[in-house]
Amino acid sequence: MNVETAIGAKGWANRNPMKAVATVSLCVILSACASGSAKIASRVQVTDEISIARLFVYANVKSRYITENVYGGLRDRLKSDFSACGVAVEMLHADPLELDMKKKIDASVARFQADSILSITRTGGQVLIGDGGNSGNFDFKMKINEKKTGREVWTATSDVRLLTANMFTDDRKSGERIASGIVAKLRTDGLLKRCTNAVTFN
């Protein structure tokens, strides 16, 4: 279950007084910058050589606070960064109105002829709602499964911090930053060996 808890502005400001000021001040200088950060802790679950060429990505991250713009940046940057590492990507987001999401996923995976499946799921979070935007910490869980064998080859958790709906930040760039962090981590973990240029967390 995905759970997000809204907290009072006063409580958050008391705990993070300088962080709130620093985030807004920096974005005023840079104009429409990406916000926040993502700390990723990962584990490679297999010891043999893994080759990822066609990756299907299933995401369940959008919410009232992780906006369509954030997700759009995440989606498009994942595709471009994976492409720079020789990996073709097809992406699907969870649809709350879909009666059989598993059936839709299975059909999409088969149609794309994916060799691996990456799932990115928002598992919880805490959000401050204020006049200056929504400041939140979100918990993400990620894993990659090999399509042919079903085995889990990579797992990760991420603490994502975002400031959205703020006039000085760009929600799309914030999503792009999360995506680049994911691909960079996979490269560091040795699962992406055909990258043609530097994939960095930016």
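When I say nonpolar core today, I mean a set of buried Ala, Val, Leu, Ile, Met, Phe, Trp, Tyr and Cys residues joined through side-chain atoms within 4.5 Å. Keep in mind that this is a predicted model.

Okay, the overall layout. The protein chain has 5 helices and 7 strands, and along the sequence they run β-α-α-β-β-α-β-α-β-β-β-α. Of its 202 residues, 43% count as buried. Take the contacts between residues at least 6 apart in sequence: 72% of those join residues at least 24 apart.

Now the core itself. The largest one has 40 residues, and the ones with the most contacts inside it are Leu-74, Leu-78, Phe-82, Leu-118, Ile-120, Trp-154 and Ile-182. Which elements give two or more residues to this core? Those are the strands β2, β3, β4, β5, β6 and β7, plus the helices α3 and α5. There's also a second, separate core of 9 residues, with Tyr-58, Leu-92, Ala-94 and Val-109 among them. As a general point, nonpolar side chains in soluble globular proteins tend to be buried together.

Let's zoom in on Leu-118. Setting aside neighbours within four places in sequence, Leu-118 is in contact with residues including Leu-55, Val-57, Phe-82, Ile-144 and Trp-154. Leu-118 also contacts Tyr-58, which belongs to that second core.

Next up, α5, which covers 171-188. Its 18 residues should span 26 Å at 1.5 Å a residue, and its end C-alpha atoms are 26 Å apart, so the two agree. At the start of α5, a side-chain oxygen of Asp-170 comes to within 2.9 Å of the backbone nitrogen of Arg-172. After the helix comes Gly-190, with a positive phi near 90 degrees. The buried residues of α5 include Ile-178, Ile-182 and Leu-186. An α-helix has 3.6 residues a turn, so residues three or four places apart point the same way. And what covers the buried residues of α5? The cover includes β2, α3, β5, β6 and β7.

Ala-53 and Ala-88 are 35 residues apart in sequence, yet their C-alpha atoms are 6.2 Å apart in space. Beyond its sequence neighbours, Ala-53 also touches Gly-86, Val-87, Asp-115 and Arg-194, among its contacts.

Last, rings. The count of aromatic pairs is 0, but the charged end of Arg-54 does sit over the ring of Phe-112, 4.2 Å from its centre.

Key
Residues numbered from 1 in each chain as written. Predicted model: local features only at pLDDT ≥ 70, side-chain atom pairs only at ≥ 80, totals over all residues. Heavy atoms only, no water. Phe/Tyr/Trp six-rings, centres within 6.5 Å; stacked < 30°, edge-to-face > 60°. Lys NZ or Arg CZ within 6 Å of the ring centre and 35° of its normal. Buried < 20%, exposed > 50% of the residue type's maximum accessible area, 1.4 Å probe, protein only. Helix = DSSP H or I, 4+ residues; strand = E, 2+ residues; numbered from the N terminus. Contact = heavy atoms within 4.5 Å. Expected span 1.5 Å × (residues − 1). Polar contact = N/O pair within 3.5 Å; in protein donor to acceptor, adjacent residues only side chain to side chain.
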